[in-house]
Amino acid sequence: MGGESRAQKGPRSDYPLRAPKPVGQMISKIYKDRINQFYAGGQYEHHNLRAMMNEAVVSGHPHVQLSVWHAPDQTRPTFKNATSHEFKKTDVGEWFGPSWTTHWFKVVLKVPSDLKDKRLLELHWDANNEGLIWNEDGHPLQGLTGGGERVEWILPDSFRDGKEHTIYVEMACNGMFGNAPGGDSIQPPDPNKYFRLDRAEIVAVDPDARQLYIDVWIIGDAAREFPQDSWEQHKALKICNEIIETFELGNRESLTACRKIAEDYLGTNVNSAKVYGSGKEPVVYGIGHCHIDSCWLWPFAETKRKVARSWSSQCDLMDRYPELNFACSQAQQFKWLKELYPSAFDRVKKKVAEGRFHPIGGSWVEHDTNMPSGESLVRQFLYGQRFYESNFGSRCQTFWLPDTFGYSSQLPQLCRLSGMTRFLTQKLSWNNINKFPHTTFNWVALDGTQVICHMPPAETYTAEAHFGDVKRSMSQHKSLDQDATSLLVFGKGDGGGGPTWQHVEKLRRCRGISDTVGLLPRVHLGNSVDDFFDKLEAKADSLVTWFGELYFELHRGTYTTQSNNKRDNRRSEVVLRDVELLATIASIKDNSYKYPKKEIDSMWESVLLCQFHDCLPGSSIEMAYRESDEMYAEVFKTAEGILKDISKVLGVSQAQTTTVSGGFALNTLPWHRKEVIDISENEAAVACGNGPLLKLRALKASQEDALVSVQQVSKGVFVLVNNQLKVKVEAGIITSLYDRLAEREVIPKGQKANQFVIFDDKPLYWQAWDVEVYHLETRRPLDSSETKVHEEKKHRVSVVTHTKISDKSSIKTIITLTAAINGQPSHVEVSSTVEWHETMKFLKVEFPVDVRNTEASYETQFGIVKRPTHYNTSWDMAKFEVCSHRFADLSENGYGVSILNDSKYGFATAGNVMRLSLLRSAKAPDAHADMGTHHIRWAILPHQGSLSHVTVRRGFEFNNPLKLVSSVSPTTTVAATSEPPVYLTEDSSPALVLDTVKRGEDDEDVSRGELPVKAGRSVILRIYDSLGGRARGTVATTWDVKRVCKVNLLEDELEEVVIEEGGGRFAVDLRPFEVATFRLQLA
């Protein structure tokens, strides 16, 4: 201790005494910019890494011989048909078109002897459009995108024998995003676009150069995107510049040296899937995906080919990259592949069995969720899950809708009833007013049912697998306090394609950086979407909750665009409900009548397809709507044929006129109805009762008081009166609506109801999709011409008014009041015929009402959603245009007004002004959207009390009018059908709605054999609470029922239900807004 001497350490002998040269600091910006120069095109591409990408290139005769056959018009012939024709010689540099045509190429390849031993041989084909490579036996091999993207196809080793080998290329004259002119992809397609075949060559690729390109790309991204104050960023910049300085043009050994330098940042395992085997815990889980819009900027017919191109490419990629897992949705697309490309479907099936290719979503298509009816949403899941189960042996657990324009409040309940507990979307990241606050959360439906929802924080479903995508998966994650993991959904999408080899290679390097250097969130490939959600479910109790709809603060115009398409959707939903109910009754009444399951399936599949999220919302090109028009026409034609067959079983026939004694009203609604119905041009009767066939009775009026009247009180001013309402109409405007029973004026003094208003409609970009908040400032009321009496009958009166919109557009409006019936609330009906030829205008109709509430109610699927009538916050104001189904309602305590409609979905309530959206006139992507004649009906329904079953039922009735039929059988036979075979008893809650009656999917006399047949016959009932309260009731039936079970939407048994003594009755007890399904097993 103390005093001892310590050895002194001398200076390093190799440290120079004098500075040999000046050394400056690396100028970060300049050296960053240098990185891109190393592999970019342009003036240096013959002197940088690009110049060494290929070892050799051969084209032309005898190595690449081309001949072509041009398919006629816009046909898309099969391989067998196409290859049966004569092919004529063609060459690189030729042009092919016009838009949407198909050209088949016979490609004869012969690898020269000096290339046969090269490490990687590819065919590079670039015609700047989409294509599909087929082998000589007619099997699809791989898709081609064009324009420098996915243009390579690896030659099989068997092609290296120096002999000629033949393949075929099916060229589609459209790009990945259709045929828009110029650079704006949403503009209407150019019908005369031509495409040049730029490349058709055999290329010997240098794998080292290709891999080095990805190395420098990703390390360069680290240099550009890591924080400037991190050592990881500085090291990345240093590594990139060392690589650039080591590279020698023409010296292929220098490529190996460059890659060795890259290992210092990436690690040594990035050349294979071994990079994911470090055992370190990842937080970002990558899943390959290929979003294919079933129609959009291309027609449905082209999508069928996009599916084959995209999924063949993915199967090929999976063969080369064992870590790649690929998820794809839309059962319809799998069915197309199965029917049109059976060998490609078998290839997919094999990958599914391997656990690599993951059918996901559980629905028929990636559908809109705002406008389809509740039953349509059910059928999306029913048809989707049944297809997946019957073809792949299992159902989906995850509902997958990354690109749909908002999400209905009942989806979590319907998901759980369809066997799915998880939901993925990301579209709310597009909100243009408020930023959605969560990434991972429990989403709760109107009835309290929940699913786990994840919105990938990279905020895309078509990630390019960039360094930045991985980085944003953490930096944009909004739920880190609950769970830090996320999904990265990567791959070319919208127009199809899916992941590329570059995507997979980039993610390998991102993982290498995380394990070697750090700072970048650790990404992992090799798991499925369900694996990801399995881990989240274990933490479900700690996740935040979001109650109700996921309202999308963008694309609000989609509630209105393409009006006729929306009308056909509503009509088809109504007719399918009718067909199923009446066919069920007929099949049980008459054993010789076979339930038309095949036809019903075909109808539903067409309707569900047209509910795709770019078709029903109105955001596709004109060609797609020509196709949907044809599909809907076939649905209505099929329904008409089925209903004629059913009429024979019921002993009636459709009629235009009849008598009270010889006629009936065909009814498909499940409650007592009492309505006026025309039985001839000038006569009417009252249809009254329950059941499919309602008896008619004479409409009697006292001699003192007319049932309904119209009187001109001054020039152009008319008053329409029945026992309940008094309506004053002037120039098509309702200036007074007096409720005689409530002794209350509905229209505020000095205000005008049924007022047409027009707005300028020029959104920031997405024409067919968007209406922006500023359009409200351009409101202009339309003046109408003089009103005249249109109809004056003892049971109905009406007045007609013409309104000029512009020199090109006008409206003919008929306001009608029908005789009131005791116990049935009366409404004012409006029928308009609109000649519409506007440009970027929005037509609406307004109803100011003397009612005050801070919330309005809107019908949604299986329930009601309430939304603000004020703009207190930006969240409130964002809902300036919302979706509504058959009605919207504004009520205060004791009184309210409902607006009914037969085909519209856009609505708004601002203060006390209710506003129904009628027509838009967007010019992209369909230049002629909504141009032409439109027939629209709506009604004003004042009511005492708050919103109730009265409005719910009247909304159904307005969309399901009674139909006149005549008896063709003895009256006693027909009368037997006048009693309902299944119904809710009178003491049941009026909030209960028996919405669906159909046969069991797998009944032995109904099944089409997709899934195991169930013995016997059964009937499926779907009942829901429509108003949001506990609802109890009793179902009664005249059918011989031996057993009742509560089932889910897929008709799996959940629990047995007790049948009351004496049979034919059982109790139902529903939560607020619960959707309940029951199977009645017949004896």
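Q: What percentage of the 1083 residues in the protein chain is buried?
A: This is a predicted model, and a residue in it counts as buried when its relative accessible area is under 20%. Among the 1083 residues of the protein chain, the share that is buried comes to 61%.

Q: How many helices and how many strands does the secondary structure of the protein chain hold, and what is its radius of gyration?
A: The secondary structure comes to 19 helices and 56 strands. For 1083 residues the globule rule gives 31 Å, and the value for this chain is close to that, so the chain is as compact as a globular protein of that length. The radius of gyration itself is 34 Å.

Q: Which cysteine holds the closest cysteine sulfur to that of Cys396, and how many disulfides does the structure hold?
A: Two cysteine sulfur atoms form a disulfide when they are within 2.5 Å. The sulfur of Cys396 is 11 Å from the closest cysteine sulfur, which is too far for a bond, and Cys883 is likewise in no disulfide, since the nearest cysteine sulfur to it, that of Cys615, is 16 Å away. The partner closest to Cys396 is therefore Cys415, and the number of disulfides in the structure is 0.

Q: Is Cys883 buried or exposed?
A: A residue is buried under 20% relative accessible area and exposed over 50%. The relative accessibility of Cys883 is 6%, so Cys883 counts as buried.

Q: Which residue does a cis peptide bond join to His61, and where does that residue lie?
A: Most peptide bonds are trans. The place of Pro62 is in the loop between β1 (54-59) and β2 (64-70).

Q: Which residue does a cis peptide bond join to Ala924?
A: The residue in question has its place in the loop between β46 (913-920) and β47 (932-944). The cis bond has an omega of about 10°, and it joins Ala924 to Pro925.

Q: Where does Trp100 lie, and what is its phi near?
A: Most residues other than glycine have a negative phi. Trp100 lies in the loop between β4 (95-96) and β5 (102-109), and it is buried, with a relative accessible area of 3%. Its phi is positive, although the residue is not glycine, and is near 75°.

Q: Is Gln562 buried or exposed?
A: Gln562 lies in the loop between β22 (545-547) and α14 (563-589), and its phi is positive, near 60°. With a relative accessibility of 8%, Gln562 counts as buried.

Note on methods: Residues are numbered from 1 along each chain as its sequence is written. This is a predicted model: local features need pLDDT of at least 70, side-chain atom pairs count only at pLDDT 80 or more; totals for chains, interfaces and linings use all residues. Side-chain values use heavy atoms; hydrogens and water are left out. Helices (H or I, at least four residues) and strands (E, at least two) are DSSP runs, numbered from the N terminus. The radius of gyration is taken over C-alpha atoms; the globule rule is 2.2 Å times the number of residues to the power 0.38. Buried means under 20% relative accessible area, exposed over 50%, partly exposed in between (1.4 Å probe, protein chains only).
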